[in-house]
Amino acid sequence: LAEPFRREKATLWFVNSMSDLFHRAVPFEFIAAVFGAMALTPQHQYQVLTKRPEQMQAFFGWLDSMDSDPMTVCLAYLEKLWETGTSPPRLFASREWPLPNVWLGTSVEDDRAYERIDQLRSVPAQVRFLSCEPLIGPLDLSSQLDGIHWTIVGGESGPGARPMKAEWAEAIQDACKSAGVAYFFKQTGNVLAREWGLGSKKGSDASEWPR
C-alpha cells in the first residue's frame with residue numbers, strides 16, 4: 001500500500017499484474033484500502049484488470065451499503081491497514097468518485113465471456129477497458145461496447161500458446177472503430193508470428209499486417 005507514495009513521478013501502475021485484486025480470497029476491506037491509496041496518489045494512473053467482474057460488482061455494492069460516501073470508507077480502511085504505523089500522506093487527496101486516475105477492466109478471451117462485459121459496465125468507473133488477450137476465439141463486440149472506452153487485443157505467448165486468427169482481431173478493430181472505442185493491438189502472439197515469419201511476436205495496427 002505504501003509503494004505508490006514513494007514515487008513522486010507520474011507512473012502507470014498495472015495493479016496485481018500477476019494476480020487478481022478481486023479474487024474471492026481478497027477481503028473487501030483490503031480492496032477499499034487499495035482504492036484509498038489510489039485516491040491519495042492522483043499523479044499516477046492505475047489499471048485494474050480482473051477475470052472476476054462479479055466480485056468487482058459485489059465490492060462496489062458493499063461500498064454502497066455503508067453509511068458513509070465511498071471515498072470516506074476507502075480512506076478509513078487505508079488508515080486502518082497502513083503498514084508503517086503512521087498515517088498515509090494526504091498531500092494530494094482526491095475526493096472525486098469514481099476516481100479519475102483508475103481504469104477498471106475485465107478479461108474477455110472469446111465469446112463465452114460476454115457476461116463479464118455486462119458486469120464491468122455496471123460498476124462506477126471513468127474508464128472501462130476490455131482485455132482480449134489472449135484472444136483464443138472469435139468475439140463479436142459490435143453490440144457490446146456501450147460504456148466501454150478501450151479494448152486491448154493480443155495473441156497468446158509462451159510454451160503451448162493457442163492460436164489467434166488475424167480476422168478475429170480485425171473484427172474487434174472494426175467494432176471499436178464503429179463504436180468510437182479506442183483499440184490497442186498489443187501483440188500477434190507466438191503462433192501468428194511464426195506463421196508470418198515475424199522476428200517478434202509484437203504487432204501493431206491490424207491494417208499494417210502482412211497479407
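User: Which strands each supply at least two residues of the lining of the largest pocket?
Analyst: This is a predicted model, with pLDDT of at least 70 needed for local features and 80 or more for side-chain atom pairs, while totals for chains, interfaces and linings use all residues. Numbering starts from 1 along each chain as its sequence is written, and side-chain values use heavy atoms, without hydrogens or water. Strands here are DSSP runs (E, at least two residues; helices are H or I, at least four), numbered from the N terminus. The strands asked for are E1 (12-15), E2 (45-50), E4 (127-132) and E6 (182-187).

User: Which strand gives the most to the lining of the largest pocket?
Analyst: A pocket is an open set of points on a 1 Å grid over the protein atoms alone, with protein on both sides within 12 Å along at least five of seven lines; lining residues have an atom within 4 Å of a point. With three residues, the top contributor is E2.

User: How many residues of the lining of the largest pocket are charged?
Analyst: Asp, Glu, Lys and Arg count as charged; Ala, Val, Leu, Ile, Met, Phe, Trp, Tyr, Cys and Pro as nonpolar; the others, Gly among them, as polar. The lining has nine nonpolar and seven polar residues. The charged count is seven.

User: How many nonpolar residues are in the lining of the second largest pocket?
Analyst: One lining residue is polar and one is charged. The nonpolar count is eleven.

User: What volume has the largest cavity?
Analyst: In a cavity, a 1.4 Å probe fits but cannot get out. The structure holds one of 30 Å³ or more. Its lining, Phe 35, Phe 60, Pro 98, Leu 99, Val 102, Leu 104, Pro 124 and Ala 125, has no polar and no charged residues. The volume is about 40 Å³.

User: What pattern does the protein follow along the sequence?
Analyst: The protein has six helices and six strands. Read along the sequence, they give β-α-β-α-α-β-α-β-β-α-β-α.

Notes:
Grid points are joined across faces, edges and corners, and a volume is the space filled by probe spheres set on the points.
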